[in-house]
Amino acid sequence: QASTASKRHSTMSSQGDLTRVVVALDWTPNGNHLGFYVAKDAGLYHAAGLDVRLICPSDPGFSPESSAYVAAPDTDGNDGTSPYVTPCSKVAAGDAHFGINSPEGVVGWNTAPGRPALKAVAALINNRNSSAIVTLASSGRSRPKDLDGCRYASYAARFEGRIVQKMIQHDGGTGEYEEATPPMLGIWNTLLEGKADATWIFLQWEGVEAKLRGVDLNIFNVCDYGMPYAYAPCLVAHPDWLAANPDVAKRFMAATAEGYKRAAANPLAAADTLVRLAVTENNGYAVDPALAQGSAEYLAEHFIDKSTGAWGRMEEDVWTRYIAWLWEAGLLTTGMQSRHPDGGKSFSLDDMRAGRAGEKIPLDSVPKVFTNDYLPN
């Protein structure tokens, strides 16, 4: 199956005179994705000779059997559930050409034996501190150390629970808490419904929604508690596909960069575009217009590097410091999360927070996880 995926990375399908490019979004259509929708609506991809398809986890068929890699053994379907396919697993399998992931997810793909070392090719947002751990203001949990003993709604990612633990400990807590794993697209609602005490959100989406709903939050920005966080979210691609299709990758990235610049320059029009295109592009998905507008206005100040006017470019020092922090904090280990841990290569989320997470990975063995080579100059 993996060999089939490898072959698919060396070829491109064409739709008439256009080259098909599939982008796997990390969530239902939202503000982080504005540039893609603007570029598509404005005809920028078409002008670049591309037929771009934007797919998201709520789309029927997002998790086809053809995907060779699931998110983690945690959700491998061995317990009777369907395998949970991520944007990156679709890229790894050759079902998508680009996908969206977190910086810790990027590191995970570059330190997981037997999996392709997917590379970050752009930072969607220039502001690295726009995601946060949050609680309801009414909970009284007003700082990270107050999360001791709480129920945290987790995405069940390899490093996530231990990052949250380090933030709690940095603030003086013990880092002992319950890590629950509700269905991904419902995680935010578990906090609003009182089924969880805390979770990780984007301020430009769930944070905006909370304000629209009159819900006050306690916000613990990720860079404010000892962690030099990297770029969230990132656009990633398979290195084999990039090497085989550099011209296609560069045309796609140039059109996307222009889409994000236009979204920053005219956020209200970008919000309208997101609402309209999500319906046709994502199986009738309805984006709340007020939420789209609020998110677009927030992000207008955060998409573009003000010092250079560029979108997407990443600094090597940012990635170096983040990966070094993961290593120094003892998080950069070989263990993979699983509901069926073997105690050798795979571990439960509870095991991993308790320090049972495999061997420490040598820092100098981590490959370069990003490239700016496909971005416009």
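User: Among contacts in the protein between residues at least 6 apart in sequence, what percentage join residues at least 24 apart?

Analyst: This is a predicted model. The contacts considered here are those between residues at least 6 apart in sequence. Of these, the share that joins residues at least 24 apart is 80%.

User: Why is the protein described as being as compact as a globular protein of its length?

Analyst: The protein contains 14 helices and 13 strands. For its 377 residues the globule rule gives 21 Å, and the protein is as compact as a globular protein of that length because its radius of gyration is close to that value, at 20 Å.

User: Over which residues does pLDDT stay under 50?

Analyst: The mean pLDDT of the protein is 91, and 90% of its residues reach 70 or more. Where pLDDT is low, the predicted coordinates should not be read in detail. In this model, pLDDT stays under 50 over residues 65–81.

User: Is Ala-157 buried, partly exposed or exposed?

Analyst: Ala-157 lies in the loop between strand 7 (151–153) and helix 6 (160–170). Buried requires a relative accessible area under 20%, and exposed requires over 50%. Because its relative accessible area is 28%, Ala-157 is partly exposed.

User: Leaving aside neighbours within four places in sequence, with which residues is Ala-157 in contact?

Analyst: Gln-337 is 180 residues from Ala-157 along the chain, yet their C-alpha atoms are separated by 7.4 Å. A contact is judged by heavy atoms within 4.5 Å. With neighbours within four places set aside, the contacts of Ala-157 are Gln-337 and Leu-349.

Methods. Residues are numbered from 1 along each chain as its sequence is written. This is a predicted model: local features need pLDDT of at least 70, side-chain atom pairs count only at pLDDT 80 or more; totals for chains, interfaces and linings use all residues. Side-chain values use heavy atoms; hydrogens and water are left out. Helices (H or I, at least four residues) and strands (E, at least two) are DSSP runs, numbered from the N terminus. The radius of gyration is taken over C-alpha atoms; the globule rule is 2.2 Å times the number of residues to the power 0.38. pLDDT is the predictor's confidence in each residue, from 0 to 100. Buried means under 20% relative accessible area, exposed over 50%, partly exposed in between (1.4 Å probe, protein chains only).
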